Amino acid sequence: MSDRLSVLKTYKLYVGGKFPRSESGRVYEVTDSKGKWLANAPLSSRKDARDAVVAARKAFGGWSGATAYNRGQVLYRVAEMLEGRRTQFVHEVADAEGLSKSKAAEQVDATVDRWVWYAGWTDKIAQVVGGGNPVAGPFFNLSSPEPTGVVAVLAPQESSFLGLVSVLAPVIATGNTAVVVASEKSPLPALSLAEVLATSDVPGGVVNVLSGRTAEIATPLASHQDVNAIDLAGADDVLAKELEIAAADNLKRVLRPQPVDNWSDTPGIDRMTAFLETKTVWHPTGSLGASGSSY
Amino acid sequence: MASAFEYAPAPESRSIVDIAPSYGLFIDGEFTEAADGKVFKTVSPATEEVLSEVAQAGEADVDRAVAAARKAFEKWSALPGSERAKYLFRIARIIQERSRELAVLETLDNGKPIKETRDADLPLVAAHFFYYAGWADKLEHAGFGANPRPLGVAGQVIPWNFPLLMLAWKIAPALATGNTVVLKPAETTPLTALFFADVCRQAGLPKGVVNILPGYGDTGAALVAHPDVNKVAFTGSTAVGKEIARTVAGSRKKLTLELGGKGANIVFDDAPIDQAVEGIVNGIFFNQGQVCCAGSRLLVQESIQDELLDSLKRRLSTLRLGDPLDKNTDIGAINSEEQLARITRLVEQGEAEGAERWSPACEIPSAGYWFAPTLFTNVTQAHTVARDEIFGPVLSVLTFRTPDEAVAKANNTPYGLSAGIWTEKGSRILAVANKLRAGVVWSNTFNKFDPTSPFGGYKESGFGREGGRHGLEAYLDV
């Protein structure tokens, strides 16, 4: 039996629905947990980060304006596509995290289930965190959550797939668009997730995936005036503080690194509410039978 | 415009309030001098009369107050919610009983009309304590999990535009959730916060649960930076808010910020003009325009611009500026000499940049800090008066042709606190409200507040919400 030489994949970034190489032309070596070469991933530059923000901003109007039902459908479609690529992800997660096939399979299954969980949230979160307020006056007012805008997501460093999806899905389920910085050491599952997103119905630009040095990419994102929020899950304490200071310049919403013992635990709604604004709309109520204005 | 009948003066009596010649800091249930003995004077902005001398807290005093709050936290947070609720209900009731006294005091120290302190500020202050009192024993039902915990010591820094109301917005939810507080009122309006200390005494509130530290910006900075403060809440300027965000970076302190705004008040061609004019006046001249959510940019549909401006100018000519204690006064004094200088500078810049300035004939009192209600027309989006928060009775008028243009112009600001929509068409209200990036949208009304309703900004107007169920989150470990 002659050994067939396998066809390797060139991993690329995912920006605005396209798969560009880094504009810098740089790559870095990604290895498995034993140091064996897996691929050369793009080493994103500041310019790549800025391009991703432009793409995310462009996609925001359409995505945030879509009905919650539609967003749920689109996200569920992603889960369907993920399931279809299960074998590929099991392989990548096993390599990335040094897990056995069965452990990696557990991670991938949990990830698909996590995605489905968030798909079901799109049209429920507004009822849970919004509603009518019983004001003391002839007014009707309603508080509704709205997405905050473009969110920079620093994916967790250790959990390359479940952790990634656990921080990305809540951001887009609520109507934000995302620029994701993949795990520095294990970016391949994130870059493959981008292929899934591209073949689902997620509009280009809603999710943008960058690989490279977290600190290098995160710095321009944290200080970017057109980024509305940042999730620091993948930053260590020193970097997190630096980024938080930069984020103060345009008062980004900041989700600080939270200790997560186990990404498999069912999440609460905090990761969704962290990137939601509350808008309260007031309207006078008519007083039936009274003279004067009727509005 | 000369009127056929003049109003007779109708002054509210100031004898109801007894202002002492000096006040201390309120720490651990006692009034005390500042460690370094520093004091400052607080004046009535309407007359420049010195009302009292107030101790000025320094770093050592911040240490003492935070330590007192920390000590009190143990017992206060362990109290059953139903007991904390009763303290808050007591406070609410005492505020109602003393509301005339507090309204007069607020008017004296702040310069705002008695009409507003009496009819808007004080009822809302009491309402906030009532509202959050009821939450204290129901926190497990608030949607933040089964056992929401308080954060600890809250450091709170509030502005001078609504001194008592901002105190209520900060203290009521903090106490209801089991936190203890150290609050710094603004240097120009410390008196009602110090009287609130007496309300706490009457309510029998345990020592150290509420501490009041009058002082300037450096006092606030020391409080915000104090390592034993777990939660920082600030209402004030965007510049200071950013500085605070940098200060707490990398710490575990929870932060909420209520900052500036440049609210758009959008009037469509089918709006009821008379009601819209009232809403515009209320939106920018309430509290002399010293309101973060003021509707300081009027966006009027081009086809009704002339008609609306005529009505608006006619209405402005009937506003009465003068003694804030007079019950007929609509526009009181600007809070401080410094604020008056800021307004004056920005208005002069507006003129220099080519905007057209208009004010009704208006007699300005000889003493005190005053600014006549002012309109700017011929304003473009690039003008400073259309971009910078003026925080005074100054309205910039811009025009638009289509709803899309109105939305684009309304959102063309780094702020995102408030907006107004005036139209008879319900579907247009909903469509436009949906597209506005602002935390509160008033349709066919303006400047309405209620303790049950979350309030707070998008973008550089800050983060977090005050009021309602949402307001609890800022003080809970969630």
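Predicted model: local features only at pLDDT ≥ 70, side-chain atom pairs only at ≥ 80, totals over all residues.
1. Take Leu167(B). Leaving aside neighbours within four places in sequence, Leu167(B) is in contact (heavy atoms within 4.5 Å) with Phe129(B), Ile158(B), Ala172(B), Leu183(B), Ala193(B), Phe196(B) and Ile212(B).

2. Helix α7 (residues 188-198) of chain A has 10 of its 11 residues buried, so it is largely enclosed by the rest of the structure. Buried means under 20% relative accessible area, exposed over 50%, partly exposed in between (1.4 Å probe, protein chains only). Helices (H or I, at least four residues) and strands (E, at least two) are DSSP runs, numbered from the N terminus.

3. Gln288(B) is not a glycine, yet its phi is positive, about 55°. Gln288(B) sits in the loop between α9 (273-285) and β12 (297-301) of chain B. Its relative accessible area is 0%, so Gln288(B) is buried.

4. Phe391(B) also has a positive phi, near 60°. Phe391(B) is in the loop between α12 (384-387) and β15 (394-400) of chain B. Phe391(B) counts as buried, at 17% relative accessibility.

5. Conventions. Residues are numbered from 1 along each chain as its sequence is written, and chains are lettered from A and ligands numbered from 1 in the order in which they are written. Local features need pLDDT of at least 70, side-chain atom pairs count only at pLDDT 80 or more, and totals for chains, interfaces and linings use all residues, while side-chain values use heavy atoms, with hydrogens and water left out.
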